[in-house]
Amino acid sequence: MISEGGSGPGVAQDDVAIRFEGVGKRYRDGTEAVRELTLDVRRGELVALVGPSGCGKSTILRMVNRLVEPTSGRVLVDGRDTSGVDAVELRRGIGYVIQAGGLMPHRSVRDNVATVPKLLGWDARERRRRADELLELVGLDPHVHGRRYPAELSGGQQQRVGVARALAADPPVLLLDEPFGAVDPVVRDRLQVEFRRLQTELGKTALFVTHDLDEAVRMADRIAVLSTGGHLEQYAAPATLLSEPATDFVVEFVGSDRGLRRLAVTPIRPEDLETPTTLAPGDGVAYASTALEVDGRSWGVVLDGERRELVGWVPRAPLTEAMRRGDRAGRVADWTLPFDVTVQRAETMRTAFSALLAQELRFLPVLDGAEFLGVITPDVVHTALRSGARPTGPDSSDPDGSGAA
Ligand code: ADP
């Protein structure tokens, strides 16, 4: 492996799948599409290139597989300078997905998927086996769809075939140019989720062009925001980009509703949750109404046993009312109401907030498995967003997080 200088902080050379080193592209007519771009994509990472139309996204992507030749600088894939690799060989080792799948209309779906294996000289049985395996992987039935022609599939199915074809020779790197641009929003949502899962499971490195910031926020590990001339304005994890836009351009690009966008990447953190008064089903009415009164609460959460399993919630008013009637015999269980909706801690604030809005109650319990952790209220959502919460877990380290390049 060739070792090159200029690694980002803390990024070992071996971790880099794609590296742009001062890369520029000037087209023959003099258009300077990209100027001095330096950018690393780590192995297994999904990086989205976003920016306004004409800022150079496709040019950058196509320089990786040499569909466009850089006019300055170097592009390295797996540590190899691509200018020294035969372009055809290079392309066979890099999956490429374009809008509407880019399928060959006069070939069957199976033959489309097997395009690269055929070029690589695999025998017919091997090709067919691989094609069928991939069709299944992307959620198509090879027996139903394999013999069809692209025009006999829906847009979403064509896009799946496009992904299957890109994966055929098991390339470590995938390039995607607006892959879901041509499918309707519902199918698009599903394809995004499925592609992301597939990419993670297979450990592929993916470089992804999109004009849709929400798509980038939902899918990417890191987002590169570009302005005209392929100028890198910011390169950061989605949550960082939305909470700490580095330049005026990024502020403008992510828009005034970036707070809302951030919901999708804001984790539910137990320390942000409200901890309500908790009661047990067997607690007496007198105790319960006093406890709620002392805490100044109009409701409490009912938990069972040491494992703090959620039973429901209890409003204070009927307890107080029972007390006034002198009815002290009742138990909390008699007044407990079930929750219609709960949310798991692993979900995002976006899921939690929409669940909160979908119900009458102003609070929503958060569980870790069966264990009750606390409740989400509108205040909790507000605080979590205002604190610029970042993702927890392995993705939270973001050495390039705050900076423009
Ligand atoms: P994006 O993908 O962000 O829309 P592109 O990479 O397609 O941007 O284009 C960047 C700039 O380069 C634009 O000004 C575009 O007009 C120009 N451009 C793209 N392809 C060519 C070409 N083959 N010849 C001349 N100019 C081009």
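Helix 15 and helix 16 are roughly antiparallel to each other, because their axes cross at an angle over 145 degrees. This is a predicted model, in which local features need pLDDT of at least 70, side-chain atom pairs count only at pLDDT 80 or more, and totals for chains, interfaces and linings use all residues. Residues are numbered from 1 along each chain as its sequence is written, and side-chain values use heavy atoms, with hydrogens and water left out.

**Helix 15 and helix 16**

- The axes of helix 15 (residues 349–357) and helix 16 (residues 378–386) cross at roughly 155° and come within 11 Å; axes are lines fitted to C-alpha atoms, for helices over the stretch in contact, with angles from 0 to 180 degrees between N-to-C directions.
- Met349, Phe353 and Leu356 of helix 15 make the contact with Pro378, Val380, Val381 and Ala384 of helix 16, where contact means heavy atoms within 4.5 Å.
- This contact of helix 15 with helix 16 has seven nonpolar residues, no polar and no charged ones.

**Helix 7 and helix 8**

- Helix 7 (residues 155–167) and helix 8 (residues 185–202) have axes that cross at roughly 15° and come within 11 Å.
- Helix 7 and helix 8 are therefore roughly parallel to each other (angles under 35 degrees).

**Ligand surroundings**

- Residues around the ligand (a heavy atom within 4 Å) include Tyr27, Asp29, Lys57 and Thr59.
- A backbone N or O atom of Gly54 lies 2.7 Å from an oxygen atom of the ligand.
- For Gly56, a backbone N or O atom lies 3.0 Å from an oxygen atom of the ligand.

Definitions and conventions
Helix = DSSP H or I, 4+ residues; strand = E, 2+ residues; numbered from the N terminus. Parallel < 35°, antiparallel > 145°, perpendicular 65-115°, else oblique. Polar contact = N/O pair within 3.5 Å; in protein donor to acceptor, adjacent residues only side chain to side chain. Nonpolar A, V, L, I, M, F, W, Y, C, P; charged D, E, K, R; others polar.
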